[in-house]
Structure formats: C-alpha cells, structure tokens
Amino acid sequence: MTGSNLKQRKQASPSSPISEPRKEGKISAKNGRNPRSSWWKIVARIVVTLAGLNICLSYLITETALWGYQNKWTNWRNYVPRQQRAFTQQELAKYDGSNPELPLLLAVEGDVYDVTDGRGFYGPGSAYNIFVGRDASRAFGTNCLSRKDHLTHDTRGLTQGELAGIKGWHSFFDNHQRYVKVGTVELDPIDPAAPIPPPCDDAAPKPRAK
Ligand code: HEM
C-alpha cells in the first residue's frame with residue numbers, strides 16, 4: 001500500500017485503525033515498509049556475513065570450511081543420491097584390490113562401503129587389506145586381524161562389548177567423510193551347527209575404533 005493511499009484513508013475515516021496503528025508491525029507512512037521486516041533483514045544480513053567471515057577465516061587457518069570438523073555431510077558427494085547395489089559375497093570378493101581397475105569395497109554388518117580413498121590402509125599389501133572384499137564384522141569386534149576364521153560375518157558368541165565394537169566401526173564407515181555406502185551384501189546364513197571361531201590370543205590391544 002502506498003503512502004498516498006494511507007493519507008486518503010486517514011482523511012476519510014480519522015478514527016479508523018490505521019490512524020492509530022498498533023505498536024507492533026506498524027507501517028511507516030514515509031516509505032510504506034514494515035519496520036519489523038526491515039529489522040529481520042538486517043539481522044539476516046549480519047548472520048550471513050558473520051557465517052561467511054567464519055568460513056573464510058576457518059579456510060585460511062585450517063584449510064577446511066568448519067575448523068577441521070569433518071563428517072559425511074561436509075562432503076558434497078554425499079548429497080548426490082547414489083544407486084545402491086545388492087552384492088552377493090562372491091561379487092563382493094572381486095573388490096579386494098587384486099584388480100586395480102575396481103574400487104575397494106568392504107562390508108560391515110551387511111552394509112557395503114567404498115573405501116577406495118583409503119587405499120593406503122586397504123590396498124594390496126596394506127595392513128587392513130584383509131577387510132576388503134568381504135564382511136569381516138567378527139574381526140572388527142574381536143580385534144583379531146591375524147586369523148582367517150575371524151574374517152567372517154559370523155558374530156555368534158561375541159560379548160556385548162565386542163558387538164558394540166562392531167557397531168562403532170559400522171558407524172565409523174557410515175559417517176566417514178570420504179567413504180560412501182554403495183549397497184548391501186547378501187550374507188550366507190550361518191550354520192548353527194558350525195563351530196564358533198575360538199577367541200583370538202593375539203588380538204590387537206586397542207583398535208582405532210571411534
Ligand atoms: C596394536 C593395535 C593397533 C594399532 C597400533 C593401530 C594403529 C592404527 C593407525 C595408526 C591407523 C591410521 C590412523 C590414521 O592415520 O587415521 C589405523 C587405522 C585403522 N585401523 Fe588400526 N591399529 C590397531 C589395531 C586395529 C584393529 C584391531 C583394527 C580392527 C579391528 C583396526 C582397524 C583399523 C582401520 C579399519 C583403520 C583405517 C581407518 C580408516 O579407514 O581411516 N586397527 N590403525
């Protein structure tokens with residue numbers, strides 16, 4: 001509504017509510033703007049400017065936009081919807097690094113992650129190459145990296161603490177900034193009659209689990 005319109009209405013009815021505007025949200029007769037909305041615009045501008053300055057400063061000091069904080073949502077790639085694939089265990093086994101053309105994939109509790117960005121950890125000859133191409137949830141719980149029978153999804157007989165350890169690693173891969181979930185693996189059912197893998201004497205003392 002323009003200023004001249006207001007004037008006309010005031011003259012026609014001096015006792016109209018417009019002649020005695022409410023305290024809040026009143027309309028300035030000068031420019032026809034609601035001063036309350038201008039106030040919010042100023043606040044919004046200050047917030048956006050401060051956020052921008054914060055990001056610039058963080059980038060200058062830490063070379064990251066959020067003072068070094070990283071999780072999956074600080075990587076733009078994780079906002080791009082990705083088609084999820086259902087692997088069989090045999091298919092997943094091809095992604096163990098033996099074929100350099102293929103990405104490195106590992107599974108934990110049935111979820112498959114692309115860990116190619118961690119080639120230094122998972123590539124052929126690296127310490128954690130045992131984890132790729134399979135679901136070795138048990139080893140994530142027992143910390144037993146030296147025994148093949150722990151490189152399995154069979155979690156029978158594990159303690160609550162060991163099961164929590166697996167969950168911790170699962171969450172580590174799920175929230176990792178550079179690893180992405182690419183699907184699931186259909187795990188062969190465990191034969192209840194099969195022997196439970198015995199505990200591992202030389203389990204690593206303290207995993208780097210988050
Ligand atoms: C003596 C015991 C251990 C030591 C000293 C050790 C040390 C390390 C170190 C130094 C890193 C690299 C950290 C980094 O640069 O971000 C690492 C990574 C890792 N560790 Fe261990 N570790 C041990 C045991 C274990 C065990 C028992 C597990 C599995 C249950 C494990 C799983 C991993 C994995 C999956 C990574 C790679 C993390 C990634 O992808 O960023 N570690 N470890």
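Helices (H or I, at least four residues) and strands (E, at least two) are DSSP runs, numbered from the N terminus. All views below come from a predicted model, in which local features need pLDDT of at least 70, side-chain atom pairs count only at pLDDT 80 or more, and totals for chains, interfaces and linings use all residues. Residues are numbered from 1 along each chain as its sequence is written.

**View 1. The loop around T159.** Let's start with T159, which sits in the loop between α5 and α6. Is T159 buried or exposed? T159 counts as exposed because it has 11 C-beta neighbours inside 10 Å. The scale used here calls a residue buried if 20 or more other C-beta atoms lie within 10 Å of its own, exposed if 12 or fewer, and partly exposed in between, with C-beta atoms placed from the backbone. T142 is 17 residues from T159 in sequence, and their C-alpha atoms are 9.1 Å apart in space.

**View 2. The whole fold at a glance.** Six helices and four strands make up the set of elements in the protein. Of the 210 residues, 19% are buried. Among contacts in the protein with a separation of 6 or more, 60% join residues 24 or more positions apart; a contact here means that the C-beta atoms of two residues, placed from the backbone, lie within 7 Å.

**View 3. Helix α2, hardly covered.** This helix spans residues 35-62, and its 28 residues reach 40 Å from the first C-alpha to the last, close to the 40 Å expected at 1.5 Å a residue. That expected span is 1.5 Å times one less than the number of residues. How many of its 28 residues are buried? The count is zero.

**View 4. The four-stranded sheet.** The strands form an open sheet in the order β1-β4-β3-β2, with mixed pairing; two strands pair if DSSP finds at least two bridges between them. β1 (85-88) and β2 stand at the edges with a single partner strand each, so one side of each has no neighbour in the sheet. On average, neighbouring strands are turned by 40° against each other, direction ignored. β3 and β4 pair in the antiparallel sense over four bridges, and Y113 stands opposite K181 in β4. Helix α6 lies across β2, β3 and β4, running at about 140° to β2. For such angles, axes are lines fitted to C-alpha atoms, for helices over the stretch in contact, and angles run from 0 to 180 degrees between N-to-C directions.

**View 5. The largest nonpolar core.** A nonpolar core is a set of buried Ala, Val, Leu, Ile, Met, Phe, Trp, Tyr and Cys residues joined through C-beta atoms within 7 Å. The largest one has 25 residues, and those with the most contacts inside it are L105, L106, Y113 and V132. At least two residues each come from β2 (105-108), β3 (111-114), α5 (137-142), α6 (160-175) and β4 (180-186). β2 gives the largest share, four residues. Which residues does L106 touch, not counting those up to four places away in sequence? They are Y113, V115, Y122, F131 and V132.

**View 6. P103 and its surroundings.** P103 lies in the loop between α3 (89-92) and β2. It counts as partly exposed because 15 C-beta neighbours lie inside 10 Å. Leaving aside neighbours within four places in sequence, P103 is in contact with Y95, D114 and T116.
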